[in-house]
Amino acid sequence: MEIATTRTTARLNVIQSLSAVIAHSRDRILFFLAAILLGVSLVLPYWHMTLLAPQYPGGLRVLIYLTKLAGDVQEVNGLNHYIGMMKLEEAAPFERAIAPYGVAALALLALFTGLLRQRWITLLAILIVIFPIIFIADLQYWLWYFGHNLDPHAALSSSIKPFTPPVLGTGRVGQFVVQARFGSGLYLAILAALSALIGIAARLRGSAQRG
Amino acid sequence: MTENRDRPPFQVNQHKVSRRGLLGAAAGLSAGALLASCSVLQRKEEAPKLGVTADEIIKQRQLTPEDVTAALMTYVPSGKYDEFLMFSSTGHGGQVLVHGLPSMRLLKVIAVFAPEPWQGYGYGGSTSEVLEGGYFHGKPILWGDTHHPALSETNGEYDGEFLFINDKANGRIAVVDLRDFETKQIVKNPLLVNEHGGCFVTPNTEYVLEADQYSVPLGGVYAPITQYKEKYRGVLTFWKFDRQKGRIIPEESFAIETPPYWHDLADAGKGPSHGWAFWNSFNTELAFPGLLEGRPAMEIATTQRDMDYLHVVNWKKAEEVIAAGKYEIINGFKVIRMDVAAKEGVLFLIPEPKSPHGVDVTPGGDYIVVAGKLDPHVTVYSFAKIQQAIQAGNWDTDEYGIPVLPFEQCVETQVELGLGPLHTQFDDQGYAYTSLFLDSAVAKWSLGKPYHEDGWKLVEKLPVQYNIGHLAAAEGDTVKPAGRFLVAHNKWSVDRFASLGPLLPQNAQLISIAPNQPMRVLYDSPIGIGEPHYAQIIKRERIKAWEIYPEVGWNPHTHSVDPNAVLKVGDERIERRGKTVEIWGVLLRSQIRPDLIEVEQGDEVIWHLTNIERAKDATHGFALGGYNINLSLEPGETQTIRFVADIPGTFPFYCTEFCSALHLEMMGYFLVKPT
């Protein structure tokens, strides 16, 4: 009983000191954190796709970064050509061109939101919150686009119907089991979004109370 | 072929199977399913036991308990790898075999001296150039008699980087690169025609040793047989190996001229005997044939003397002699003449029981074991005693002036083993294993000090089936033998295998040499594509072979990206320049690009082909029927073929290696318009 009380007290102490830090930095730390997370996410994969088939005992992997594709891209492209699918590097050309600058801009936005305490920039910081949602929605669109724009002249075109590979979870194409999962970069972006969301909420509530 | 979000069967994990099994049991479902799932459950908890079915199999197949343990010691389950790899020669099959141990599964044939279509070896491209390197005065030699493979060594241990193999028939050495298991070079010894005493490497692969067997005048020129003593000569060759280049460098190699004794096997010294090399010999009678002229048969004439000569060579000293310029150039090769070799202390002879076969240096480099062949003993020479005898300096010479050290001053002991001792290998417990050809047995015997206090004794003999020639123990000729397994390469199989006509396969027998247990035969492996002489067995993990070529466009001959490689689809092209048509093509699943080539009769065709695949095992073949062209292009590989389109007609070309569902569609047409 005593121990439990001590533990609760300790936990309270931690929360209190954290709150104190947040109060002291006056919610800045949340935006700085978001800036760092977004910055780091630039060099981490956002999305993983693993293809499993009997003849590939280790599976085939494709890693999607904001700036590049990595893994067994050539092999996956080679296999996809049989069903008339476009090459992976042809996906989302515009998004991939602007993504690094966009995320860098969001990181800067987070930084300035922390430094400046203007209401307009706080509202603008909502972009940081919705960025992961935009990424996932765009990825889903491109997966749909790839699965629904197959070359009708491909060798296996007559035996495959349009399909959408999964953005998250497991699907099946021919003899391949496709496993999709989010990458560490996307998780950092989601954390950044949550951090920014709390920061925005705290700041807006604070200004509402003051107002 | 539509998307299916259902969890596929093999995604179900072990835990789920177990639970499903339990549920099945509770529901009282079919007994078969129940048993299957229960066995999965049990397997997790306790070690496997041989069930009723195993007993039934043993009974049905009439297996003895020894058979069952042999099976358990050799079986390698699907998907698991063998512990050792054995490289063996194939004699007049001209190639090298790679077996896995203990399963004795044949893993690969490495094409060396003979064209081999599966590997596309010798049917166009750089492999044809490798074969051309071994032509005899420009004459195509398309076979070889491979005898003694030698793995490259570092500090006296196998390093798994290169393999050397000799060709007895034509006096040649080949270099196999173990990154891709392909033959990179064949060199013809310009001094001799027939050889046997190779390949053996010095402890850091400074040199590859090779010596003649049947002496000829230096360079193989003509001389009447009656001038055998005056004109014919022996040759001990030290081929310089450049590890960086992965090639033998003939210009930096040298040879030592000897009397026309016939050299047999060899070994390089190591440890205390590093810097020395040993060859044994026969026909010190200097006999030569002439049955119709009234001379005795060679088998009689070469066995008249009781003793032949062990050749002891100080190759470090020989290097100094070469550096000092005391050599002659014969056929472009540096040769230390025998009077110089004798005077400079490069070459010594020691009597050895007549017509010996193997000469093997013990793991510590302290003894040299000579197997008697016609003598029931192995004769063990002490390297230290040899050195003392050389220091003492009271030697006679043979009739050519070569020092002959006194036998009794150099010999440590003789061990009587049985009839027809041929070759000796070693284990990690201080035991030696010698093949007994006439006894059809392997003799295990103990080495003396420092290996055993009370050594030099026969321990046991194991019958083998039949007529054993060489034997190979795991890393058994290195400074650190691995023990456990030995392979007897038996010349005759007689009744071991089903009758397949009068040419019988050889029998490679796997033998357990586990410590403190009697030796026993574990497995008979038929060798149906040649006669293995020597073999070497290496731990699998020492070999770091490439899974695919490092980069697209890799030329395996230069080990660099070929300037004519096409690196991606779309860059392929055809160029015509007068009577030459040059094609830069690619292969990928399932296309050969370009797929339509039209030339005129008499055009010279230069065709560069690159397999741009990066997937393991995605090899493509390239076959052009009618033109004797067949390549194997492994992932990333580039090859160039050149030929004259001298036959008009229509020639389909295609991929010979079943690569994909649309493999049959992977083809093109080569049209030759008549002129």
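These questions and answers look at a helix and a sheet in chain B of a predicted model. Local features need pLDDT of at least 70, side-chain atom pairs count only at pLDDT 80 or more, and totals for chains, interfaces and linings use all residues. Residues are numbered from 1 along each chain as its sequence is written, with chains lettered from A and ligands numbered from 1 in the order in which they are written.

Q: Which residues of helix H10 of chain B are buried?
A: Helices are DSSP runs (H or I, at least four residues) and strands are too (E, at least two), numbered from the N terminus. A residue is buried if 20 or more other C-beta atoms, placed from the backbone, lie within 10 Å of its own, exposed if 12 or fewer, and partly exposed in between. In H10, residues 383–392, the buried ones are B:Phe383, B:Ile386 and B:Ala389.

Q: Why do the buried residues of H10(B) line one face of the helix?
A: An α-helix has 3.6 residues a turn, so residues three or four places apart point the same way. The arc is taken from the directions from the helix axis to the C-beta atoms. Down the axis of H10(B), the buried residues line one face because they fall within an arc of 115°.

Q: Which residues are exposed on the other side of H10(B)?
A: The buried side holds B:Ile386, among others. Exposed on the other side are B:Gln391 and B:Ala392.

Q: What stands opposite B:Phe87 in E2(B)?
A: Two strands pair if DSSP finds at least two bridges between them. E1 and E2 of chain B pair in the antiparallel sense over 6 bridges. Opposite B:Phe87 stands B:Val98.
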